[in-house]
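Student: Hi, I've just opened a new structure and could use a guide. Can we go through it together?

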Amino acid sequence: MDWSPIWLSVKLASITTLLLLLIGLPLAYWLSKGRSVIRLVLEALITMPLVLPPSVLGFYLLLAFSPQHGVGKWLHDTFNIQLVFSFPGLILASVIYSLPFMVGPIKSALQQLPASWAQASYTMGKSEQETFLKVLLPNIRSSVFTAMVMTFAHTIGEFGVVLMIGGNIPGQTKVASIAIYDAVEGMDYGTANNYSLLLFAFTFVIVTTAFIFNRNKAKSPLE
Amino acid sequence: MIAIDIHKKLKVGARETDLNVKLQADKGSLTVIHGPSGAGKSTFLKVIAGLMKPEQGTIIVNDQVWLDTSNNINLSPQERRAGFVFQNYALFPHMTVRQQLAFATNDTKWIDRSIAIGQLQDHADHKPDYLSGGQQQRLAILRAMANKPSLLLMDEPFSALDQTTKVGLIADFKVLWNELLTTVIIVSHYPQELAGIATQELYIGA
Amino acid sequence: MKSIKPILTILLLALSVSTHAQTIKVAAAANLQSVIKVLGDDFKKRSGVGIEPITGSSGKLVAQISNGAPYDVFLSADMEFPQKLAKDGFAESQPVVYALGSLIICSTENLNLKKWPQLLNNDQVNKIAIANAAIAPYGRAAQESLAKLDLLDKVKPKLVYGESISQVNTYITTGVVSVGFTTQSLVNDPANQTKLNWALVDPKTYSPIEQGMVVLKNSANKADAQKFYAYMSSASAKSILKKYGYIIP
C-alpha cells in the first residue's frame, strides 16, 4: 500500500498545528483583552472558515494565489514560490481553515481567568509579555492542549479546500482524504477502506489519548 | 508624602456617578478608607496603582509624579510598582508559596522572613489551593510586600481572618511597615479594627 | 354545476403531476457540460420531455450508477466505462458510440501552442493540468499522447491532476496553470467568456475517444429514456454535437 498520502496528511496536520500555535496564542491573547469594534470584526473574520463551505475558501484561495496576477504573480516572479498545487500552499490554506479551532478555545480560556491575576503581576513590575507567559499561559494549559488536538484532527480531515487547490499531485498534495475520494471514484474500495480505517484509527487514538491525559481539566470540544 | 487628587466617572450598573477623591498622607502613615459598597473604593485603589485611568487628576508619591493628566504623564503599573492586595487575593494557582514570593522578588532572605511572618513554613512548597482561607490571605499580603514597595494598597485584606489572627497579623505587619517606612492605604468595611494604628480615615460615599 | 370546481382542481393537479414527471436524469461525462444543456433544450422542444443533466467524470458516474444512483441514461466519454456497466448488468444493452471527442491543449497565456510538445519543456510552462486518467477518458488520452511523444517522464513534475475535465477547465480559465489538456467543446462553447489560446492535439498520438451511451436498467422512466437515446443519434443532435467540436463517426 502506498503510505505517502497518510504521511502527507500527518505532516500537513503537524506543521499546521505548530504554526497555528505560534500565530494563535498572541492573536487569542489580543482578542481576549477587550471588546472594541476592531476586535469583534477580526474575531468574526477568524470564525468565517468555520461557517464557509470549504470549497468557497478553496476557490478564493485559488484565485488569490494564481500565478498570473497579484500576490501569486509577485511570489512566483520574485521567489519562484507557487501557493497553488504545492505543499506550502496547502499549509497556508490549512492555517486559515483551522485558525478558529486554535484561537477560539484559547481566547475563551483567557477570558475566564480573573483580571486581577494579570493586574497583580503588573504591580509586581512584570511586563505584559512576561505576565502572559508566566502567569496566564500556565493556567490555560489544558485548553491550549485541547485546541492543538482539535486543530490537528480538523486538518487531517480537510478535503474541500485541498480538492480545489491541491492538484492531487502524488507525494506532494495527494493527502489521505483526497486519496480516499480518488479510490472511491475509481471504485477501488479496498484502498479506500484501508486509508479510511487507518485515518480513523490514528485520529481516534490521538484524540482519546489527549482527553485521557487531560482528564482532570478536560473540556469537551462542544463546551 | 502622598498627594492624590482624582476625578473618575464610575459606571455602577446603568447609573453613572462621579468619583472625586482628594487624599494626602505622610510617608509611613496608614490611611483607612471606608464607605458604602459601590461608591468606588476599589476603583480608587486601582487608579492609584495605575490599573485604571481617571479622566482627570494628579498622583504624586514621594516626589515622583505618577499621574498628571494635564501634562500627559501616566506611569504604567509596572513603573509604579505599588503593592496591591486584591479582594479575591489573586494568588496564582500554579505557583507554590515560595514561587509566588520569588516571582515578586529575588531577595531570598526576605522571602524566608516573609514565610516566617506569615507562619507558612510548613506550606512553603504547597500551591494556594492547599492553604486555608486565612493562610491565602496572609500570602496575598506578603506577596504584595515582597518587593518592598513604598506604597501599599490593600482592598479589604483582613476579611477572611478571625479576630485573634487579625490582631496578631496587623501587629506583625505594623512592625514591618515601620521598618520599611511603607505608606499604607487600606480599604476596609470595619475601620474600627484599625483604629489603633490608623493615622487618618477617609470616607468615600455615593 | 357545483361539481365542476373539484373536477377542474383534480384535472389541474393531475396535469401538473404528469408534466412534472416528464424529465429524465441524464448522467453526462464532464466534457459534455456545455453541450448537454443545448441538447436538452432541443430534445424538450421536439419531445416535450425535459432532461436533468448530472455531470462528472465518467469514472465517478459509473461508481455512482453501480451503487444505485437513479439515472436514466449515461453518456460516457469512452466505451470502456459503459461496457463495464453492461457487463455488470446495469445497462439495458451494449453501448453505442454517439460521438468522437477531440483533445486539445489550451491556455489563457500568450503562448504559441502550435509546437506545443517542445514548449512543454520550456520554463515558460509552469504547471500543466490534466484530468485524472483513472476516471476521466480525456485524461487518459492526454497521458497516452504525452507518452507517445516521449514527454511524459519529462513533464511529470509539472503535472497537476483535476478530478474531472470540469476541474481542468477551471484551472485553465482561472490561469492557475500555464496549459491544460481538455476537450475541444470548451473553446467551441459560445458561453465561454475567457479568451483562450488553443491547438489540436494530433489524433494520431492517442486512441480515438469513442464516447458511448447506454440506457440504464435502474431507470424509472424507460420509455422517455429510450426516446432520448434515440434522439442522440438523430440528425439534429448530431449537428449540435458537431458545432461543439465533436466528430460524428
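Tutor: Happy to! Bear in mind that this is a predicted model. Let's start with chain B: with 206 residues, a compact globule would have a radius of gyration near 17 Å, and chain B has 17 Å, which agrees.

Student: What does the C-alpha trace of chain B span along its principal axes?

Tutor: The trace spans about 50 × 35 × 30 Å.

Student: And how many helices and strands does chain B have?

Tutor: Chain B has six helices and ten strands.

Student: OK, on to the neighbours. Which chains share the most contacts?

Tutor: That would be chains A and C, out of two pairs of chains in contact. Chain B and chain C have no contact joining them, and their closest C-alpha atoms lie 52 Å apart.

Student: Then let's look at A and C. How many residues does each chain bring to the contact?

Tutor: Chain A brings 22 residues and chain C brings 25 residues. Between them the two chains bury about 1,800 Å², with 54% of that on carbon and sulfur atoms. On the chain A side, Phe85(A), Glu185(A) and Met187(A) supply 32% of the area that chain A buries against chain C, more than any other three residues.

Student: What does Glu185(A) form a salt bridge with?

Tutor: Its partner is Lys60(C), and the closest N and O atoms of the pair are 3.6 Å apart. The count between chain A and chain C is one salt bridge.

Student: Why would two side chains pair up like that?

Tutor: Side chains of opposite charge can pair when their charged atoms come close.

Student: How many residue pairs are in polar contact across that interface?

Tutor: Eleven residue pairs are in polar contact between chain A and chain C, counting pairs with both residues at pLDDT 80 or more. As for the elements involved, helix H3 (54-64), helix H9 (160-165) and helix H10 (176-185) of chain A each supply at least two residues of the side that touches chain C. The largest share, four residues, comes from H10(A).

Student: And how do the residues on that side of chain A divide by class?

Tutor: The side of chain A that touches chain C has 13 nonpolar, seven polar and two charged residues.

Student: Now the other contact, B with A. How many residues does each chain give?

Tutor: Chain B gives 20 residues and chain A gives 17 residues. Chain B and chain A bury about 1,600 Å² between them, and 66% of it is on carbon and sulfur atoms. Gln78(B), His94(B) and Phe103(B) supply 36% of the area that chain B buries against chain A, more than any other three residues.

Student: Changing topic: which domains are assigned in chain C?

Tutor: The assignment gives domain 1 (4-100 + 209-243) and domain 2 (102-205). Their centres, taken over C-alpha atoms, are separated by 28 Å.

Student: How much area is buried between those two domains?

Tutor: About 1,200 Å² is buried between domain 1 and domain 2 of chain C, and carbon and sulfur atoms give 54% of it. Asn31(C), Ser57(C) and Ile209(C) supply 36% of the area that domain 1 buries against domain 2, more than any other three residues.

Student: How many salt bridges are there between those domains?

Tutor: The count between domain 1 and domain 2 of chain C is two salt bridges. Elsewhere in chain C's list of charged pairs, Asp78(C) forms a salt bridge with Arg140(C), the closest N and O atoms being 3.2 Å apart.

Student: Last one: how many salt bridges does the whole structure have?

Tutor: A search over all chains finds 17 salt bridges. One of them joins Glu130(A) and Lys134(A), with the closest N and O atoms 3.0 Å apart. Both residues lie in helix H7 (residues 128-136) of chain A, four residues apart, about one turn of the helix.

Conventions. Residues numbered from 1 in each chain as written. Chains lettered and ligands numbered in written order. Predicted model: local features only at pLDDT ≥ 70, side-chain atom pairs only at ≥ 80, totals over all residues. Heavy atoms only, no water. Contact = heavy atoms within 4.5 Å. Buried area = accessible area lost by both parts, 1.4 Å probe. Salt bridge = Lys/Arg side-chain N within 4 Å of Asp/Glu carboxyl O. Polar contact = N/O pair within 3.5 Å; in protein donor to acceptor, adjacent residues only side chain to side chain. Nonpolar A, V, L, I, M, F, W, Y, C, P; charged D, E, K, R; others polar. Domains from an automatic or database assignment. Rg over C-alpha atoms; globule rule 2.2 N^0.38 Å.
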